[in-house]
Amino acid sequence: ATTDLQKDPAAAEPQQSAEPETKQSFMEAAKSDALRPFIIISTSYLLFTITDGAIRMIVLLHAYNKNFSALQVAVMFTLYELAGVVTNLAAGAMGARWGIRFTLIIGLCLQLLSYGLLFGWQDDWSKSTAIIYVTIAQMFAGIAKDLTKLGGKTVTKLVTPEEKDTQLFKLVSLLTGWKNSLKGVGYFLGSALLQVSYNLALAVMMILILLALPWAVLGLNKDLGTAKSKNATLSDIFKMDNPNLNLLSLARLFLFASRDFWFEVPLPFFLRSPSCEGLGTTFCGDDGSVCTDGAVCDPIAQVCGNPNTGGGCGGLAMDRVIVGAFLGGYIILYGQVQSWTPQLVTGPLDQTPPNKLTEVFWGVINCAPTLVGFCVLQYSDMFDNYDKDAMTVMLVVVIITFAVIFAINSSIHSFLVVNYASKDKVAVSVGFYYMSNAVGRLFGTIGSGLLYTFVGDEANDFSGNDAVAGLASCFLAGTLSSLLAALITLKIEDQKSGLKCGKCCTIVGREEEVEEEDKDEEEVQEAPKPDPTTSGPLVQSTVPH
């Protein structure tokens with residue numbers, strides 16, 4: 001009845017000119033049962049994404065100022081990532097049973113709870129108490145992220161007709177790209193607000209969530225996205241009967257670990273850490289101005305020291321806002337490249353639709369930026385001589401290059417998971433796949449905290465470990481993870497369409513073409529040899545008399 005009422009005004013309105021028809025069609029679409037859920041859920045999802053990006057920067061940079069080490073901050077994010085593992089498994093079943101509206105509202109409310117708990121983080125707490133408290137608060141944010149993401153990912157399928165696969169692919173790419181770009185905005189906004197006040201940063205993010213919540217409560221049908229047939233169970237999720245999807249999920253684990261081994265914790269710590277020069281040796285008295293950028297004057301020893309020895313020394317000593325802009329710029333670039341990969345990369349290279357060979361190709365290329373970063377950090381004089389300008393340029397080049405290549409890999413993965421999933425188990429398959437994604441982030445985050453904190457020598461009690469050696473080891477771990485992801489992808493059975501690199505360059509031919517060539521060769525080999533008694537005259541007849 002609701003649908004009929006929404007269609008009546010359009011039916012009663014005569015279509016006399018092109019312009020009124022266009023306006024009426026838009027208004028009808030905006031009010032329709034099909035598009036209204038997409039607008040509400042997508043808007044809520046995108047607003048939530050800003051707060052998801054901001055919470056990472058607020059917690060990380062606030063913890064850095066409180067002298068927490070990289071490993072301790074990595075521990076704060078363990079339940080955030082671990083919650084993603086569990087929630088990705090359960091969210092699909094929850095959405096199918098209770099609907100997208102339910103999971104979206106619960107996700108937004110849990111995000112409010114997480115931000116509310118962070119107000120309780122007290123300066124006089126011991127480090128162990130603070131770590132436990134913040135880790136639990138972050139757990140609710142991790143659950144919230146994946147419950148909200150379920151609606152954002154699923155609604156595109158619900159509003160797209162079955163036969164419009166290309167339209168669906170573009171819609172998903174657009175939404176995913178904007179999601180990642182707005183997460184980058186959240187990185188910057190969180191760090192900028194934190195520069196003013198920790199409590200202000202939390203309050204602004206809570207307001208953004210509150211803006212989205214009423215629309216989700218009042219504007220969505222409670223049955224949206226519920227299963228029309230038998231609901232999926234956890235036993236369905238763990239049925240390992242899809243080898244291609246299982247291998248792709250394992251490759252996804254190492255692909256995302258290749259980024260989080262150096263991006264989420266080590267990079268912002270390195271950008272914040274001061275130069276090692278003069279730490280513990282330069283006498284400052286009461287004058288901190290004699291210390292290098294980012295260093296402070298120790299009031300007891302009266303020498304220049306590192307404000308966070310757990311963060312290491314040898315970095316770029318950037319302000320919090322610049323660090324947020326640095327990381328936010330990466331996320332925004334990554335999101336936009338991911339959106340336009342089919343049009344600007346795989347399409348012109350004749351790699352659309354992609355297959356496992358396409359992913360192996362780009363997966364191997366994904367090793368290059370982090371390998372270059374490791375070699376420069378480990379062997380170049382610019383870091384030994386603390387050439388700050390050259391160090392900054394090198395990191396910018398590595399990060400931009402990695403963002404572009406990693407976005408291409410991620411876009412290809414997003415297509416392959418849907419392509420490999422069973423048609424009647426898409427939601428379950430995608431949930432299992434994104435569970436692997438969360439495991440990869442957890443693996444990379446904890447591994448990065450260990451490497452960055454313990455690799456590198458400590459000069460003295462006022463300096464902390466060598467952050468250059470720590471970041472170099474994280475880049476190397478990322479490179480090995482990228483390579484392992486590509487090797488695992490090789491095991492997938494999906495190479496029939498071959499691999500091209502442009503219209504004129506075929507790296508691996510299509511299997512049909514290879515089979516035809518082999519068949520032609522076999523026919524030539526099996527062809528009867530010519531009879532010498534008949535071949536003679538034929539040869540002679542070709543000779544002019």
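These legends walk through several close-up views of one predicted model.

Local features are described here where pLDDT is at least 70 and side-chain atom pairs where pLDDT is 80 or more, while totals for chains, interfaces and linings use all residues. Residues are numbered from 1 along each chain as its sequence is written, and side-chain values use heavy atoms, with hydrogens and water left out.

**View 1**
The protein chain holds 21 helices and four strands. Here helices (H or I, at least four residues) and strands (E, at least two) are DSSP runs, numbered from the N terminus. Of the 545 residues in the chain, 50% are buried. Buried means under 20% relative accessible area, exposed means over 50%, and partly exposed lies in between (1.4 Å probe, protein chains only). Among contacts between residues at least 6 apart in sequence, 81% join residues at least 24 apart. A contact means heavy atoms within 4.5 Å.

**View 2. Helices α14 and α17 pack against each other.**
Two packed helices are described by the angle between their axes and the distance between the axes. For α14 (residues 356-365) and α17 (residues 388-420), the angle is about 155° and the axes are 10 Å apart. The axes are lines fitted to C-alpha atoms, for helices over the stretch in contact, and angles run from 0 to 180 degrees between N-to-C directions. The pair is therefore roughly antiparallel. On this scale, angles under 35 degrees are roughly parallel, over 145 roughly antiparallel, 65 to 115 roughly perpendicular, and the rest oblique. The crossing of α14 and α17 is left-handed: that is the name when the near helix is turned anticlockwise from the far one by less than a right angle, with right-handed used if clockwise. On the α14 side, the contact is made by Lys356, Thr358, Glu359, Trp362, Gly363 and Ile365. Helix α17 brings Ile405, Ile408, Asn409, Ile412, His413, Leu416 and Tyr420. By class, the contact has seven nonpolar, four polar and two charged residues. For this count, Ala, Val, Leu, Ile, Met, Phe, Trp, Tyr, Cys and Pro are nonpolar, Asp, Glu, Lys and Arg are charged, and the others, Gly among them, are polar.

**View 3. Asparagine 419 sits on helix α17.**
With 43% relative accessibility, asparagine 419 counts as partly exposed.

**View 4. The largest nonpolar core has 104 residues.**
In soluble globular proteins, nonpolar side chains tend to be buried together. A nonpolar core is a set of buried Ala, Val, Leu, Ile, Met, Phe, Trp, Tyr and Cys residues joined through side-chain atoms within 4.5 Å. The residues with the most contacts inside this core are Ile58, Tyr115, Trp262, Phe270, Leu271, Leu327 and Tyr330. Helix α17 gives the most to this core, with 15 residues. Look at leucine 271: beyond residues up to four places away in sequence, Leu271 touches Leu316, Ala317, Met318, Val323, Phe326, Leu327 and Leu395. Another core, of seven residues, lies apart and includes Leu279, Cys284, Ala295 and Cys313.

**View 5. The loop between α13 (320-346) and α14 holds proline 353.**
A cis peptide bond joins threonine 352 and proline 353, with omega about -5°. Aspartate 350 is also placed in the loop between α13 and α14. Its phi is near 60°, a positive value in a residue other than glycine. At 25% relative accessibility, aspartate 350 is partly exposed.

**View 6. Tyrosine 386 lies in the loop between α16 (381-384) and α17.**
Here, too, is a positive phi in a residue other than glycine, with a value near 50°. Tyrosine 386 is partly exposed, at a relative accessible area of 23%.

**View 7. Glutamate 458 belongs to the loop between α18 (426-454) and α19 (467-489).**
Glutamate 458 has a relative accessible area of 45% and is partly exposed. Setting aside neighbours within four places in sequence, glutamate 458 is in contact with Ser463, Gly464 and Asn465.

**View 8. Serine 44 is part of helix α3 (residues 35-65).**
At 2% relative accessibility, serine 44 is buried. Not counting residues up to four places away in sequence, serine 44 touches Leu104 and Ala212.
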